Amino acid sequence: MSEILTPETIELKAKLGSQEEAIRRAGALLVANGYVEDRYIDSMLEREKSVSTYMGNSVAIPHGTNDSKQWITRSGLSVITVPEGVEYGDGEVAHLIIGIAGKGDEHLDILSKISIVVSEEENVERIVGAETKEELIAIFEEAD
C-alpha cells in the first residue's frame, strides 16, 4: 500500500459542502501528486452520474469511468476524512472519501484491499478519527 497511499494524498478533517466538492477534492489530490491527468476528475464526476460510488458504512470511493484509464499515470489513492460528514447522493452521508486511480487491472486489487478495511465499521471510525496521516496509513497497512 505504501507506494499508492502517501501522506501527500491524505487530507484529514476536511469540511466539504457537497458530493461534487468531495469528488473534485479527491481527484485534485491524485492530480497534484502525479497519479492522474486533470481530465480524470471529469471522468470521476461522469461515473457518479451513472452509478453512485457510495459504498455504505459512511464510505464513498469515487473513481473514473472505464474510458478514463488512459489518463492514469500510475496507481494511487487519495483519502479524505470528513468527521462532520458530507451528503453523498440519495440522502447518504460519507465521512470517508477514497479516490482511486488504478493502472491497468490494478484497481481491482486496490479495491479489494480497501473493501476489506472499510467493511469493518470500527476501522472506518478509526480512520475518520485519525489524528495523523501516519496513523491513517497504518490502519490500511494492517489489512495488507
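These legends go with several close-up views of charged side chains in a predicted model. In this predicted model, local features need pLDDT of at least 70 and side-chain atom pairs count only at pLDDT 80 or more, while totals for chains, interfaces and linings use all residues. Residues are numbered from 1 along each chain as its sequence is written, and side-chain values use heavy atoms, with hydrogens and water left out.

**View 1. Arg24 and Glu20 form a salt bridge.** A salt bridge here is a side-chain nitrogen of Lys or Arg within 4 Å of a carboxyl oxygen of Asp or Glu. For Arg24 and Glu20, the closest N and O atoms are 2.8 Å apart. Both residues belong to helix α1 (residues 19-32), where they sit 4 residues apart, about one turn of the helix. Helices (H or I, at least four residues) and strands (E, at least two) are DSSP runs, numbered from the N terminus. How exposed is Arg24? Arg24 counts as partly exposed, at 36% relative accessibility. Glu20 is partly exposed too, with a relative accessible area of 42%. The words follow simple cut-offs: buried means under 20% relative accessible area, exposed over 50%, and partly exposed in between (1.4 Å probe, protein chains only).

**View 2. Glu46 meets Lys49 in helix α2.** Look for the salt bridge between these side chains, at 3.7 Å from N to O. Glu46 and Lys49 are 3 residues apart in helix α2 (residues 39-50), about one turn of the helix. Glu46 is partly exposed at 42% relative accessible area, whereas Lys49 is exposed at 67%.

**View 3. Arg126 and Glu142 join in a salt bridge.** The N to O distance for this pair is 2.9 Å. Arg126 lies in helix α4 (residues 121-128) and Glu142 in helix α5 (residues 133-142), so the pair ties together parts that are 16 residues apart in sequence. Arg126 is partly exposed, with 30% relative accessibility, and Glu142 is exposed, with a relative accessible area of 51%.

**View 4. Glu11, Glu21 and Arg25 make up one network.** What joins these residues? They are linked by salt bridges that share partners. Across the whole structure, a search finds 9 salt bridges.
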